[in-house]
Amino acid sequence: MELKCAYQTYHWGRPGSSSTVARLVAASQPGFSVSEDAHYAELWMGTHGSGPSVLAATGQPLADYIREHPEVLGERVAARFGTQLPFLLKVLSVDTALSIQAHPSKSHAEELHAAQPTVYKDPNHKPEMAVALTPFEALCGFRPLEEIQHFLKVVPELSAAVGPEPSAALLAVSPSDPASRDRLRDCLQALMTRDPADISRRLDSLVARLSATGDSAPSDPLLPADLILRLSGQYPGDVGCLCALLLNRLVLQPGQALFLGPNEPHAYLAGDCVEIMACSDNVVRSGLTPKFKDVSTLVSMLTYECRPASEQLFRPTCAAGGGDCVQEFRPPVPDFSLAKIQFVPDSVGPQYTVPVRDSASLLLVVSGAATRGATVVGRGSVLFIPAGEEVTLTLTDRAEVLLFQAFCQL
């Protein structure tokens, strides 16, 4: 069943036809016209109430269809999650940085929802995974402790914003010291609760130094000067700009992935990706955003685990029986898995059969052209596939095919 899916315009989305989201919607939804003044940020595929998908043929919400026909989910999924699709699939087109944020665990999400239901609007956790469609830049997880200590020594604006006592305490511990996580938490707490006017002054000073030319310009190869300058241009005076000195900076290449479990600090910075998550919209924010910042909650919940950037990548496996064209990303959560299916038609013949799953799945067509019976399937098409159903596509173009299949592997 083909779906008509919702899209979201946020200030950080790519403008007009430069957005992959806008181009996918334009290719698949007749009558949609791209506005070059709008910032198309996200395409939502699933049953979440903030952007529910509907059956293209009838307009019936997918959530209602599943409740009426729970067998389409598959026995194990229905037994585990009830009559709801347990995951939400998205495409993101990021032009300016998203907030410094983390997502709560299931039990913490329930507590936050009970205490602040207008802010945390559902009781579910939100582990998520992003697979790059283009070079995709992000901050993720705390840098190795030695790098953070280095920046406290060589960036006086950072050590001043953190404060002398928390800075000295963190500089005094080794990575193997069990107290290092507490000292790092104290530094983040001090930084995030510093008077905003003081943060703005420190950041202005740092930006002025980084913008300087000649002998006075910083030459530290570790220092992400270009990123700090870019973030400060997008969010002047925001404490989140200094978080680039605490968090790993990654640039995923197309097909590379990032998995974000609960309590892991991160921020998406630029590029396009396919993202899959548990069916939730719970976000705890603390910087690089005009939205509500819940600093105390974020500081208290983070893991404070320091790892190199290379260890943040989440690697796929080749699917059994799928050949080289199917890579599966199976994170350590029950809610979702994601398959990337990529091939040229000449390598598979005139038809291609999508892997059969024992759960319901969503199939997103990023590129390629095909038919299934009388249905034309092409760029931007999204299909809902019931559990156990075989879907064979007749390929109608020799261009490369790129599909993403979201499913629940229990």
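Throughout this tour, a residue is called buried when its relative accessible area is under 20%, exposed when it is over 50%, and partly exposed in between, with a 1.4 Å probe and protein chains only. The model is predicted, so that local features need pLDDT of at least 70 and side-chain atom pairs count only at pLDDT 80 or more, while totals for chains, interfaces and linings use all residues. Residues are numbered from 1 along each chain as its sequence is written, and side-chain values use heavy atoms, with hydrogens and water left out.

**First stop: Tyr-268**

Select Tyr-268, which sits in strand β11 (residues 266–278); strands here are DSSP runs of E of at least two residues, helices are runs of H or I of at least four, and both are numbered from the N terminus. Tyr-268 counts as buried because its relative accessibility is 4%. Now show its contacts, meaning heavy atoms within 4.5 Å: leaving out residues up to four places away in sequence, Tyr-268 touches, among others, Leu-92, Val-94, Phe-136, Leu-258 and Glu-275. With Glu-275 there is also a side-chain polar contact of 3.0 Å, a term for a pair of N or O atoms within 3.5 Å in which, within protein, one must be able to donate a hydrogen and the other to accept it, residues adjacent in sequence counting only if both atoms are side-chain atoms.

**Second stop: Phe-142 and the cores**

Move to Phe-142, which together with Leu-242 touches the most other members of the largest nonpolar core, a set of 49 residues. Such a core consists of buried Ala, Val, Leu, Ile, Met, Phe, Trp, Tyr and Cys residues joined through side-chain atoms within 4.5 Å. Helix α8 (residues 180–192) supplies the largest share of this core, five residues. Beyond four places in sequence, the contacts of Phe-142 include Leu-184, Leu-188, Asn-248 and Arg-307. A separate core of 45 residues can be located through members including Val-21, Leu-73, Val-77 and Phe-81.

Gln-312 lies in the loop between α11 (295–301) and β13 (313–314), and it counts as buried because its relative accessibility is 3%.
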